[in-house]
Amino acid sequence: MNELIKIGENTYYISGPFHVGVYNLGTENYAGKKEVCLIDSGVDSVVAKVIDGLLIEAGFYVKYIINTHYHADHTGGNAYFQEKYKCGIYATKLNAALISNFDICPAIIWGATPIKEVLNNYFYATPADAVDIRELSMPQGMEYVEFPGHCIGMIGVKTPDDIIFLGDAVVSRETIEKHPLSYIYEVGEYLESLEKLKKIKASLYIPYHAEPEKRIKSLCEANKNNVLDNIEIIKQICSEPRNIDEVISLFFNAKGHKLSMYKYAVEGGIIRTYITYLYNKGEMTAQNIDNYIKWQVKQSI
């Protein structure tokens, strides 16, 4: 059930599968409504309408939205709110460009004109005009924190109430169990961001896809261990030369999961991310064998 839950003097979040942040800016519009900032906007216009209903009931008016990153499950409500409230939308520079031009996003996942399986509300949202967050004058005590790795230029947002909204810097233990290949764009940066997050002090941490946490280190460790486990599985698979499709198939077999076209597109890309990480670190080699590019972990001498 979706509820608007107060967690600080001016900080709220919307409960449900997606945790959208709401911060009361302490100003009012021409009609006397309290102006708020949203942190992310839900997965689509249907969810946005539910969020909007809760905001209206509380006497709130959306002044602007900060998106932690461009993925459509975080930005799918942008177009709805921008059309209704004429609100500004802010994200880091590259994310703002992608939010404004969402046709690019499914192509990033597939690496070409996308197959229909990735044209869904996790990877495609109605475009909305977004600008560089550096153009936003944030309230005193409000700041954004860079957490790259899950996505290029992803951020979290910390409110003056000492509450930080984390985007997808971490996912829940339940998600790790069901989806061990949670989306990562750059493995090294992701691991560094987890270490950075463990050192950030806050009274409450709000992940987008996990329940609020008063302490975050344990969840960071669970996410880190999942990544390290995935690395070890891929290394074992590539103890002999393997092409990408072999690695994908053998990884899914090792996890006991069934491969679908959607998973091949999305999670197959994540496996490429892991291989890229190992290759760029010099831990893996690539060789052409009968015109198959095959990957192999470097053998110890």
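**Close-up 1. Contact of helix H1 with helix H3 in the predicted model.** From H1, Ser 45, Ala 48, Lys 49, Ile 51, Asp 52, Leu 55 and Ile 56 take part in the contact, and they meet Tyr 80, Phe 81, Lys 84 and Tyr 85 of H3. By class, these contact residues comprise seven nonpolar, one polar and three charged. H1 spans residues 45–57 and H3 spans residues 78–85. The axes of the two helices are 8 Å apart, and the packing angle is about 50 degrees. H1 is therefore oblique to H3.

**Close-up 2. The seven-stranded sheet.** The sheet is open, with strand order E1-E2-E3-E4-E5-E6-E7 and mixed pairing. Its edges are formed by E1 (4–6) and E7 (131–132), each of which pairs on one side only.

**Close-up 3. Strands E1, E2 and E3.** E1 and E2 run antiparallel and are joined by three bridges. Lys 6 stands opposite Tyr 12 of E2. The hairpin of E2 and E3 has five residues between the strands, and in it Gly 16 adopts a positive phi near 130 degrees. E2 is covered on both faces. Thr 11 and Tyr 13 are buried on one side, and Tyr 12 and Ile 14 are buried on the other.

**Close-up 4. Strands E3 and E4 with the helices on the sheet.** E3 (residues 20–28) pairs with E4 (residues 34–39) in the antiparallel sense, over five bridges. Within this pair, Val 22 stands opposite Leu 38 of E4. H1 lies across E1, E2 (11–14), E3, E4 and E5 (60–66), and runs at about 130 degrees to E5. H3 also packs on the sheet, where it touches E4, E5 and E6 (88–91). The direction of H3 makes about 130 degrees with that of E5.

**Close-up 5. Strand E5 between its parallel partners E4 and E6.** E4 and E5 run parallel and are joined by six bridges, with Lys 34 opposite Phe 60 of E5. Together with H1, these two strands make a right-handed β-α-β unit. E5 also pairs with E6 in the parallel sense, over three bridges. The bridge partner of Ile 66 is Tyr 90 in E6. E5 is mostly covered, with five of its seven residues buried.

**Close-up 6. The four-stranded sheet.** This open sheet has the order E8-E9-E10-E11, and the pairing is mixed. Its edge strands are E8 (143–146) and E11 (204–206), each pairing on one side only. From one strand to the next, the twist averages 25 degrees. E8 pairs with E9 (residues 155–158) in the antiparallel sense, over four bridges. Ile 155 in E9 is the bridge partner of Glu 146.

Terms used. Residues numbered from 1 in each chain as written. Predicted model: local features only at pLDDT ≥ 70, side-chain atom pairs only at ≥ 80, totals over all residues. Heavy atoms only, no water. Axes fitted to C-alpha atoms, helices over the stretch in contact; angles between N-to-C directions. Parallel < 35°, antiparallel > 145°, perpendicular 65-115°, else oblique. Contact = heavy atoms within 4.5 Å. Nonpolar A, V, L, I, M, F, W, Y, C, P; charged D, E, K, R; others polar. Pairing = 2+ DSSP bridges. Buried < 20%, exposed > 50% of the residue type's maximum accessible area, 1.4 Å probe, protein only. Right-handed = clockwise from strand over helix to strand, strands pointing away.
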